[in-house]
Amino acid sequence: MVDVVDGIATLEYTLTNSPKDYTINATYVASEYYISSKTEENAILTVDKRDAQISILDLPTTITSGQTITITVLVSDNGFLVDGGVVIFKLNGVTLNNTEGGRLNATVVNGVATVTFTVSEQYSAKDYELTAVYSNNLYNKVNETTTLTISKANITTTINPLYITQGENTTLTLTLYGQNGNLVNRVIPVNIKANGKTIIGVNATVTDGILEITLPTDTFKNNYYNITVILGENSLYNGLTLNTALIVNKDDNATKVE
């Protein structure tokens, strides 16, 4: 209730209502000189959604396949931190999913929304547009975009000397890891040399980290060979060169290969 002064009644009211149209009417309470009355027509009060401001905080400068990163978004309203609402994330316009297959999202608490995201091998090394989209019933939808750069990762593995029987082929098996400990799943160009001469040149499919290649060693006559394995770079991984030895065990009963 407010007083009428010079024919005018003024009410200051802080709106906390959800955005929509509201019906407003006024009732005059009877006084010593006047009877009570109310407005003949209702007024319409339209509460619009507010505008929030969001920003993506700094990302790591070097991001590689298999790495888990933290993405943090700050949400404010003219300098005041916003509470509530949800932020989802997109990479080159495609909504990111969590490990359960649902949308990767975070609730805004005291102006901050944070998620963790593991960079899978489906993303080649290049620049991507990372977009954060904020939604809240009280606010207009707003988004912010920044650049997320994925760099080529290094491959690690171990290689042991190879022992074969003369006249037989052998299989080279390597377990390949990305620099973040993830098993490699990728097509990798492979070149293998024996004493400097190329004996294998293929694009090999690596599955669950396992690279298997059959070496044509059935014609090898020497007792010892220097083996060089060259894993070429691709769109996600840097190249790697490995060196090992191949020792031929000669079987006197085996058929001699001329």
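Student: Which residues does T64 touch, not counting residues up to four places away in sequence?
Tutor: T64 touches V119, I150, S151, K152, A153, Q179 and N180, leaving out residues up to four places away in sequence. Contact here means heavy atoms within 4.5 Å. This is a predicted model: local features need pLDDT of at least 70 and side-chain atom pairs count only at pLDDT 80 or more, while totals for chains, interfaces and linings use all residues. Residues are numbered from 1 along each chain as its sequence is written, and side-chain values use heavy atoms, with hydrogens and water left out.

Student: Where does T64 lie?
Tutor: T64 is in the loop between β7 (53-56) and β8 (68-77). Strands are DSSP runs of E with at least two residues, and helices are runs of H or I with at least four, numbered from the N terminus.

Student: Is T64 buried or exposed?
Tutor: T64 is buried, at a relative accessible area of 2%. Buried means under 20% relative accessible area, exposed means over 50%, and partly exposed is in between (1.4 Å probe, protein chains only).

Student: What about E12, buried or exposed?
Tutor: E12 counts as exposed, with 77% relative accessibility. E12 is also in a loop, the one between β2 (8-9) and β3 (21-24).

Student: How many Å separate the C-alpha atoms of E12 and T205?
Tutor: They are separated by 71 Å, with E12 and T205 193 residues apart along the chain.

Student: Switching to sheets. What is the strand order in the open sheet of five strands?
Tutor: The order is β17-β24-β23-β20-β21, and the pairing is mixed. Two strands pair if DSSP finds at least two bridges between them.

Student: Which are the edge strands?
Tutor: β17 (162-165) and β21 (197-206), each of which pairs on one side only. From one strand to the next, the twist averages 25 degrees. For that angle, axes are lines fitted to C-alpha atoms (for helices, over the stretch in contact), and angles run from 0 to 180 degrees between N-to-C directions.

Student: How many bridges join β20 and β23?
Tutor: Five bridges, in the antiparallel sense, between β20 (residues 186-194) and β23 (residues 224-231). At one of the positions, V190 has L231 in β23 as its bridge partner.

Student: What is the phi of N195?
Tutor: Phi of N195 is near 50 degrees, a positive value in a residue other than glycine. Most residues other than glycine have a negative phi. N195 is in the loop between β20 and β21 and is partly exposed at 42% relative accessibility.

Student: And what is the phi of N92?
Tutor: N92 has a positive phi of about 50 degrees, and N92 is not a glycine either. N92 sits in the loop between β10 (86-91) and β11 (94-95), and N92 is partly exposed, at 41% relative accessibility.

Student: Last topic, rings. How many aromatic pairs does the structure hold?
Tutor: Five. Rings of Phe, Tyr and Trp (its six-membered ring) pair if their centres lie within 6.5 Å; planes under 30 degrees apart count as stacked, over 60 as edge-to-face and the rest as tilted. One of the pairs is Y28 with Y34, edge-to-face, at 6.5 Å centre to centre and 80 degrees between the planes. Y28 is partly exposed at 28% relative accessible area, and Y34 is exposed at 56% relative accessibility.

Student: Why is the Y123 and Y128 pair edge-to-face?
Tutor: The planes of Y123 and Y128 are at 85 degrees and the ring centres are 5.7 Å apart, so the pair is edge-to-face. Both Y123 and Y128 are buried. Ring pairs also link F117 with Y123 and Y128 into a cluster.
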